[in-house]
Every structure is written in structure tokens, then in C-alpha cells.
Amino acid sequence: MSTTTQGRLVLLGINHNTAPIEVRERLAIPASRLAEATRTLLHQPGIREGLILSTCNRVELLTLQDEISDGVEAAQPQIRTNLLTFLQEYFSVPPADLQPHLYEFREREAVRHLFRVASSLDSMVVGEPQILGQVKEAYTIARETGAVSTHLELLLQRTFTVAKKVRSETQIGSSSVSIASVAVDLARKIFGSLYGKTVLLVGAGKMSELAARHLIEHGASAILVANRTESRAKKIAADFADPTVHTEAIPFDDLYTQAPRADIVITSTGAPQKIFGRSHGQHFLHSRRNRPMFFIDIAVPRDVDPRMNEVEGCFVYDIDDLQQVAAANLADRSREAQAAETIVSREVDKYHERLQSRDAVPAIKALQQQAEELRKAELVRSQTKLAALTPEQREAVEALTRSLTAKLLHPQLTALRNSARTKDPE
Amino acid sequence: MSLLWLKVAVVLYGIAALAVLPVALYDRPRWRHIAIPATVAAVFFHFVSLAEMLNAAHHRLPVDTHETQTLLGLLLALAFLVVYWRYKTVSLGIFLLPICFLLGLVPAFHPGQESTSFPLIHTGWIFLHVALLLAAYAALLLSLLASLLYLIQERRLKQKSSTLPSLPPLETTDQIALKALLFGLPCMTAGLLIGSLIAQATVGASYFRDPKILLAFAMWLVYVAMIYIRRHSGLRGRRAVYLSSFVFLVVLAVWAANQFSSVHRFTAP
């Protein structure tokens, strides 16, 4: 097994595929303690550079460790032990609880894993955009604590470039896969921008409130809340209170007169019968001079008569419809993930080649320096014979010897670079 | 030489028409980088070709059907670019660019041989009359196509298709349709007014008794009525397409009447 001159890259971690939540939550590091944890990691023997990525789905230690020239095979367990010791000591978790869930990647495979993680190919929901931000945050903290310098700096910058490339060259993150974001997407297909739009929340429920929050985040400017219990309506409206959002609790009895004010209606009541029928849709559209209305019916049994969808300008999506769109989008992402994997593989090769070329740099520099010294020595030896030359002639001789040296060195330098590139990383 | 530039423009329209399909139907935005530059280049060559064509014929306005078609195609391509610049959507190109391609195709490979003896052919007013009316027709066609796009998107949303193509939002297409109509109204009004003043000066009152001319004024009334209905009842979707289609048929009838009118025909065989 060969290694690079910059050190040995090792990545140790657990994620949602290898460890249940009970284990992951024991290793989770809050953002406020990440800097201190990174410093502690850096104090472990043999660790030159390090970064800790801690999200709800993974905890990973990316480290650059000292090169071990002799007894490499024997040293392998030691490298892992250092990181394990850190995990056990820092989190006070017995080794037996951790060992079955840990994975480890080295050198080229560590690079591949990091590229995949940042490109959201290793995420629970493939293509989700948060992970790149989390990797960047981990990088910023590690950099501020002095835990990232030359090698990891190069690797992480490349990681961000690859992640952006995957996003721009594939459609991996273009479609929504959660109910709330699907609802936002659909609303945008109807209204374009959501700025200035009014949302009516009928009933209460976590999912409906989440959908309403997503709509506000995307620009909706008013929330009307209708609930059979008025105090509950007022409380929900208060929960949405924000200087940029108009909130209003409306009496349930005024629901049908107030509903035409809303562009988007989210219903999630526990009513056994339908609240909105087809005729309501016609009436609302008439009041709104045919401006479209979007009904998101999250209730089971449903609150909105599906026949309302037949009314021109009314769009009714129930929970099954939303889930169906989300599932189709997820399938699309899986297809795009294959294209993304190809990009990652290509980028791993490129990165490795670049790294190997960097390995050859000291040898190349030494060879060039030696040749230059020889050239200068030969010129000094012939100084007396060249004394009669004019400054122009001396300059020409200088140029000639420099050119000859470069030409003579060229095959050796090329061979060195090629040899570094083709060197087996493992 | 003008035909060569027109042929180049037609080829570019064809390329652009194909390139918008992946953008609009399969959500492949990178094809936009082919569609838009190809359309811009096509518009440039189209303009050069038209200018050379008119210059060579020593008149300022399109005389025969082919020249008029060419100018209409150019205006539609410009409308597509304006919509792209304003709304960042190329979806209308699904319809508009093939129309530009077809409007340029026949004149490019089979140029018209007609001539005219109309005395005011070299005046700027007559050019304005033709150009403004063609701009109104282009605006109406744009509005009709935007309404069609609205209808397609509305159907897909109602069918709850899990893979919705990358069509513009309903409100955007509605705005395009309405704004195109609002742009077309002053063009049509001014175009008809200028035409009427020229006719009054050259032919006299008898001009206004011609069925083609009466149909043209009826077209203006229908156009105004359509805008009124759309604005005041918020007409959208299927009914908006029906209404726009009806007005478009009236416009086609007015256009076709050019071939039969005794007082309003540009060309003489």
C-alpha cells in the first residue's frame, strides 16, 4: 500500500444507514460545541488536520494523519484506535456500543465518500440541499480552529466544487419530496410568486401548519385561521405572528364568507363530513372574479369534495395526491443519482491525479535545481574562454545552455509526472 | 442575397424550435443556452434579409403575401424574445418558434413575384399602417398561444400528473395573454386610423362601404369587447381560449378578405 507525501486520509463515522437514532443521538455534537470537539480531535496523537461533520443523520471524523513509513500494515489498527479513543472519551460511549455501527474509508475511498456526502448522494433523502451547507459549516468551524490547512483545504474546496457541479449538471435536487414542499411547488405552478398571497388554515394539525409555514417562507403574506374553537384559532394565529405576515383568526361561522379572500386553503379538520362542496368552489370563484384557488386537503376523512376540482379555477389536492407527487419526484431523484454517481467517480479520479502530481513536485524541483547548478558550474568553468564575448553574445550563451538543460530534462520530468499519476493509491 | 439570410434565419428558427422542447417539456434548462442565442441570431438575419428584400424591391412596405408573412414572423420572434426577457420562460417557443420557422420557410425557398401600382407605397404612413396591424395580429396570436398554454397547464394540474412539465405558472401565462392584448389594442386602433385617413384622402367615402373594410372595423370592435370581457370578468382557461380563438378567426377572415376586396389589396399579379 502506497500513500501520498501529504499524509494519510482517514474517515470514520456512523450514519442513518449504519446506526439507529439511539446510537446517533449519543454521538451528536451541537453546533455550539463543534469547535471545542474539533480542537480535542486535533490533540489526538498522529492527527495533523481534522474536521467533524455532525448532523441529525451522521457523525463523521475526517482526518489527515501522520505518514507511517515502516510497518504500515501493523499501523492500521492504531490509526483507527486513535479515532475510536476520541469518540469513546469525548462521548463516554463504550466501544462495544459503537464498533458494530462504524464505517471507515481511507485515501481514495474517503475522498469518494466525502464527495458523495456533500453531493447529497449519501443522504436519507437523496438530493436534499441542506447537507452541503452543513459540510460548509463544519469546514468553517474547523478552519477557524486551525484544524484545516493545506491538504484538507484542497480536498474540501474540491468537494464544494463537485457538489455544485452535481447540482448544476443533474436534476437531483430540482423536485420536492416532502408533502409541505410539494404543496409549495404546486402553489407556485398556479400563482408563480407567492408574494402577497393569502393562506387560509381550516382546522389544526402539524402537517397543515408545516405547509402553511413553508408557504410563508416562500412569500405568502397573510394567514387566516378558522377553527371551531375560537381560542384555538387565536392561538394558532398567534403562533404565526411575524412583522411581515398578517395573521387573523376568523370565526368558523364566517368561513364561507371569508374563504374567497384566500388564494390557498389548507384544511385539516376532524369533521366527518365535507366542509367545502362543489358549489362552494363555484361561489368562491365567482366572488374572486375567477382568480384561481388552491385547496390542500390534508384531512382524513377529506374536508373538500373532490368534485370541486372540476370547477374551472379550483385546484384540489388531497393527502394521497400530494404523496403521489412526492413519490414520483423521489423516483426522479433516484434516476438522477445515477448520473451524479458518474460525475463523482470522474471527479475522484481527477482529484487523485492532481494529488499524485503534487506528490511529484518535490522530486521535480530537486532535479531542476541540480541541473541548474550544473549549468552554472559549467559556465563558471568556461569563464576565461568566454571572456572575449560581448554582453549580447554572453546572453545568447546563457539562453542556449538554459534551453539545452530544459530539453535534456524534459523526458525525465514527464516520466516523473506520469509515474506519480499512475502510482497505485493503495 | 436577402434569400440567403432568410434561409439562415429559417434554419436557426428550426434549431431554436427543437431546443425549446427539452426546456419546456423535460425540464432541461441547459438547452435554453441554444434556444435563445439561436433565436437572437435568427431575428438578426431575418431583419437583415427583410431590409435587403425591401431595399432591392425599392419599396418600404411588404407588398406581397410572402413579404408580409416574413414581417409577421419577425414580429412573432421578437415577441418570443420580449416574453423571455420579461418572464424568463421559453415555453411559448413550443408554438411560436415553429410558426416563425413556417412563416419564413415558404418565402425563403419560393419568393413572391407580385408587384403593386399603389401610389402611396413609398410613404412612411402606409408602412406604419401595415406594421402596426401586423403587430396587433402578432399580439393577438401571442395572447391566444398563452391562453392555450394556460389551458394545458391547468389540465395537467387538475389531472394531478405526477410529472408536470416545466410550463410557466398559470398567473404568468394569464398576464402574458392579457398584456399582449393590451399591447395589441393601440396598435390595431392606430393602424386602422392611419389606414382610414389614407383611404379618405386617396379613395374617398366609397372606400368605407367595402365589405373588407367593414369587416376590419368589426374586428376592432370584437377585439375591444374581448379585452373588456377578459378584464372585467377575469376570464381564464377554456373560455378565454374560445374567445381568443373567435377573435383570431375574425382576424384571419380580415386577412383573407385582402384577396377578394376591390379597394384594399396590396398586390396585383
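Helix 8 and helix 13 of chain A pack with their axes 9 Å apart, at an angle of about 95°. Angles of 65 to 115 degrees count as roughly perpendicular, so helix 8 of chain A is roughly perpendicular to helix 13 of chain A. The model in which this is seen is predicted.

Next come the residues at this crossing. Helix 8 of chain A contributes A:I179, A:V182 and A:A183, which meet A:L322, A:Q323, A:V325 and A:A326 in helix 13 of chain A. By type, the residues of this contact between helix 8 and helix 13 of chain A are six nonpolar, one polar and no charged.

Helix 9 of chain A covers residues 206-217. Its 12 residues, at 1.5 Å a residue, should span 16 Å, and this agrees with its end C-alpha atoms, which are 16 Å apart. Buried in helix 9 of chain A are A:S208, A:A211, A:A212, A:H214, A:L215 and A:I216. What do the buried residues of helix 9 of chain A pack against? Their partners in chain A are helix 8, strand 5 (198-203), strand 6 (222-227), strand 8 (264-268) and strand 9 (293-297). After helix 9 of chain A comes A:G219, with a positive phi near 120°.

Note on methods: Residues are numbered from 1 along each chain as its sequence is written. Chains are lettered from A and ligands numbered from 1 in the order in which they are written. This is a predicted model: local features need pLDDT of at least 70, side-chain atom pairs count only at pLDDT 80 or more; totals for chains, interfaces and linings use all residues. Helices (H or I, at least four residues) and strands (E, at least two) are DSSP runs, numbered from the N terminus. The expected span of a helix is 1.5 Å times one less than its number of residues. A residue is buried if 20 or more other C-beta atoms lie within 10 Å of its own, exposed if 12 or fewer, and partly exposed in between; C-beta atoms are placed from the backbone. Two residues are in contact if their C-beta atoms, placed from the backbone, lie within 7 Å. Axes are lines fitted to C-alpha atoms, for helices over the stretch in contact, and angles run from 0 to 180 degrees between N-to-C directions. Angles under 35 degrees count as roughly parallel, over 145 as roughly antiparallel, 65 to 115 as roughly perpendicular and the rest as oblique. Ala, Val, Leu, Ile, Met, Phe, Trp, Tyr, Cys and Pro count as nonpolar, Asp, Glu, Lys and Arg as charged, and the others, Gly among them, as polar.
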